[in-house]
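Subject: Structure handover

Hello,

I am passing the structure on to you.

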Amino acid sequence: MSLVNQVPNIHNKQSLSGMMRQVLLATIPGVLVLWYFFGWGVFIQLAIASAAAVASEAIVLKMRGKDWRRAINDSSALVTAFLFAISIPALVPWWLTVIGICFAIIFVKQLYGGLGFNPFNPAMAAYVLLLVSFPVLMSSWVPSFEMWSQRLSLGDSLHIIFLGSTSSGISYTELINGFDGYSTATPLDHMRNQLRLELMPAEIADTAEFKLMTPAWMWANVAFLVGGLYLAWRKALDWHLPLALLVGLAGTAFVFNLFAPEQYPSMIFHLLSGGTMFAAFFIITDPVTASTTPKGRWIFGIGVGILMWVIRTFGSYPDAIAFAILLMNMAVPTIDFYTRPKAYGER
Amino acid sequence: MFEQLIQLLISLIAIVAVASAFGALLGWTAIRFKLNGDPIVEKIDEILPQTQCGQCGHPGCRPYAEAIAKGEEINKCPPGGEAGIKALAELLGREVIPLNAELEEKETETVVIIREPDCIGCTKCIQACPVDAIVGTAKMMHTVILDDCTGCDLCIPPCPVDCIDVVPLETAAKDWQVPKPSDMIPVRMV
Amino acid sequence: MNQMNVINTTHSIHGGLHLDEKKAPACNVAIQEGEIPDVVVLPLNMHAGRDAVAIVEVGENLYRGQIIAEAEGQISANIHSPVNGKVVAIEPRPMSSRSGLPEMAIVIQTTDTEIVRETPCDWIEALTESPEVIAQSIEAAGIVGLGGAGFPTASKIAASANARKLLINGAECEPYICCDDRTMRDYAEQVIGGAFLLAKAAACDFIEVATEDNKPEAIDAIKDVLNTLPEHMQRRIQLYVCPTKYPMGGERQLLEAITGQQVPSNTYPVELGYLVHNIGTALAVYNCMTRSEPLLSRMVTLTGEAIRRPGVYHLLLGTTVKDAIAMAGVDETILAQVIHGGPMMGYPLQNLDAPVTKITNCLIAATADEIPPLPEEQPCIRCGQCVDVCPATLLPQQLYWFARSEEFEKAASFKIHDCIECGLCSYVCPSHIPLVDYYRYAKSEIKQLDQARIKSERSKVKFDARNDRLEQERLEKERIKAEKAKQRAANKAANKDKNDAVAAALARVKAKKAQTQQSNDADNTSEDSKP
């Protein structure tokens, strides 16, 4: 028979590409904040990553014999590109971005079977690849303009990303290092290093340096929170996941801060620094790699939150999102198996 | 140097001891938990379709099951089809191979019907049927019990007057098989 | 006579979704009588269970209400002619089923376009009949569940002997459909009468009538009838109102909303002490007992944008879909498809000559824009929205993966048989995966596999039996052979004695002869020795 009766005959008009576009839209507030504080780099990285992502996905799909035009339309490669470009430092060389995003699309997504079949979050896996392979470059975070008291022009930003130095010949490393004694670390980085020097979080937070560097990251977090709440309102994401992550992270931070405030920073610090809100509303909510059962999603989210806190506090990397996510991705099949809902009537 | 030699000796002995301990444990469990008989043949037999047609070269499904357990190829059963080969491959941990090239899989399930006006009552088909699906006796009418017929076609060669027809098994509207959506092209008609 | 109050249900159901109702304009018009068609096509199978067996012949003249096919087996139903007419054919005709495959049907040419229905007697009087008489009348009338599944009502009553409560399901939740709504508004008293008759037949002590809160006029109509009942009857009936949510009308969901309990998997509402029947079924029982009328017609919602006069029509069974939508004024130029049933659980019809049957509750004559073709399936992104809406607390996502990879045992272990095919999962899927179609595929494959397994077990039993028989014959042959050999040996032994005796006698004779010879010789020699 060559006829099918599709049931049901009506649909709520949601579509894959619609959902993806909502996600892209929701990143705009955060991207604008990043641009305001950290310069043109973020836009350039977005452009490079998007182009490389779409191109590499089209090539691989063609090689796999699939209809690449239709598959590109669902914008999932673009979403991966955006998430990846937002996660990396703003002025990393172009070839770093291209390597990362191509790895994400080709190896982590397409080679596992394409959309819907990958067990690991592509953007995060690529981030980890780059972090491990190019640790120095990946730790060279651009200072916010408040710290730098200058803004790099668009021309200079393009120059650095594509040619490795500004138009006046200063290399990126020189630029960064020539900076007046202030480090190029993020607040998380700074907090950790100072804690190692046996200072207390409250004292650290009081320093002028800290006060200068935190607002940028704080505002970025707030902007991504706004975008995330928009997505939750539009039902483009499962709100259990962000809530679980934030509860896991904030809860752990709160408990430890309560018992040993001289060693562990506060809950608010954790919630508003690094990529916390970005991770909560954009990274963990990737449905393909998260757990599928309702209970499982709570466990997954809280697990990521706790791991984030643990790695941030005791691990060697300042921001732990990528590792936390990948570790919980590995646990998803087990979580799903043990959290199956009871059959109807078994209550 | 003597000390180093002693250390080397100690580590060597330690490793050998651990290996022997685990080896002994494995050996003991192999004996203690040994399976009696060979239940794999039962499991293989359950997968085979019980058509008893003999196309695999064995006189029935059970002998073929036993042969498979001893290592025979799993691709000799046309009535079982691809699904059967897959199930056997999964059970035994072997590769899925296509049906033996000499054997042909039928497109639809078939049964046989005796054209009663032509039947001479010789009982040759009754003797040939492996599941006793034909009733009749000498010089009396022979009839096929359709519910029992497995479609093995073993009754066709012995019939001296060629009065047995192979017919496809019709599906009633009630048993209409729902097609798999990914195989279908959506078309609507009025 | 007191004022009856309405109970608002407090328990919520799992999952479910608010859908765009689209019941207007069809629900705003009173029920209209359908026209008498020229030709009526009655399939022998309009119900769950075995086909009925035709008991009329081609050329026979029939009167309206005459039985033309008898139920066969325990789960089956009688079929009656809805018109005065003549049988023109008994042959396969295209059906209004999902597959559209032709099935045996009795085709009747109407000879009399006037129908006179008996005036009904008071249903309170009908209530004086004994439960057995009512149940037998229901069975003879060929009444089946008119909610869509068509289960023979008499069989259901017989199987629910332990049910003490009767639930009349008026929670019509699917968009477009409003038969039960209008039936409650226009024939409230008849519905309540039918309910009491059903309760008597099934020996139920209490009646619960349930509906959704988007049918305020129906609620008022029922309340008005309940307020006129004598007090002893008022004590035995209660009206429940549930929040409007799809699929509140599913019997398991409705029971969960009313009682807070879930009907356990693989069992029926009788486990919770309930017998569930549809509003239309209650009306049919009323007609059966007060007019002696078998099931000859039913309410059908005719709607869709290609229909000029949408509404609920009282149609004769066997009316072809073509005739039915023509009655409601279909505009063929904009008609794209006709959907049998509602938009969630219904299906497009392949052939408009198919008839309206006992399980047809709605026909949607849709334009191309109204129900556009769905986009192609895309990969599942595991978003989990299907899990959120499933009213049966299943994992639709997992069931999809299993059905797709043909792991049917795993699908069965994830309770695919609990799926009520409500369609919400496919409705919300952003990748437009036809999930319910996958589950129906899996269920049919599982059924096939089960049947194949039963058949192969039987073949094995017969094969082994045959081998045993041949073995027995062989052993018998051997036994006989052995016996014969034994017999021969015994004979030989017996003969041996005889032969021995003969041999002995011969030997004696020989010996004697020899002796005589010897003595003769001796005599001869002694004679020779004399001088």
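Predicted model: local features only at pLDDT ≥ 70, side-chain atom pairs only at ≥ 80, totals over all residues.

Domains of chain A. Domain 1 of chain A brings 29 residues to the contact, and domain 2 of chain A brings 30 residues. On the domain 1 side, the elements that give two or more residues are α1 (16-26), α2 (28-38), α5 (76-87), α7 (122-133) and α9 (145-148) of chain A. Of these, α2(A) supplies the largest share of that side, six residues. By type, the domain 1 side that touches domain 2 of chain A consists of 19 nonpolar, nine polar and one charged.

Chains A and C. Between these chains, 31 residues of chain A are in contact with 38 residues of chain C. The side of chain A that touches chain C is made up of 13 nonpolar, 12 polar and six charged residues.

Core. The largest nonpolar core holds 251 residues, and A:Phe84 and C:Ala195 have the most contacts inside it. Helix α5 (residues 188-202) of chain C gives the largest share of this core, 10 residues. Apart from its neighbours within four places in sequence, A:Phe84 is in contact with several residues of chain A, among them A:Ala49, A:Ile101, A:Ala123 and A:Tyr127.

A helix in chain B. In helix α2 (residues 39-47) of chain B, the buried residues are B:Ile44, B:Asp45 and B:Ile47. They lie on the same side of α2(B), because the arc they cover around the axis is only 155°. B:Pro39 and B:Glu42 are exposed on the other side of α2(B). The packing partners of the buried residues of α2(B) are α3 (61-69) and α4 (81-92) of chain B.

A sheet in chain C. Here four strands form an open sheet with antiparallel pairing, in the order β3-β9-β8-β5. Its edge strands are β3 (39-43) and β5 (61-62) of chain C, each of which pairs on one side only. Two bridges join β5(C) to strand β8 (residues 84-93) of chain C, in the antiparallel sense. Within chain C, C:Leu62 stands opposite C:Gly85, a residue of β8(C).

Regards

How values were computed. Residues numbered from 1 in each chain as written. Chains lettered and ligands numbered in written order. Core = buried A, V, L, I, M, F, W, Y, C linked by C-beta atoms within 7 Å. Buried ≥ 20, exposed ≤ 12 C-beta atoms within 10 Å, placed from the backbone. Contact = placed C-beta atoms within 7 Å. Nonpolar A, V, L, I, M, F, W, Y, C, P; charged D, E, K, R; others polar. Pairing = 2+ DSSP bridges. Arc of directions from axis to C-beta.
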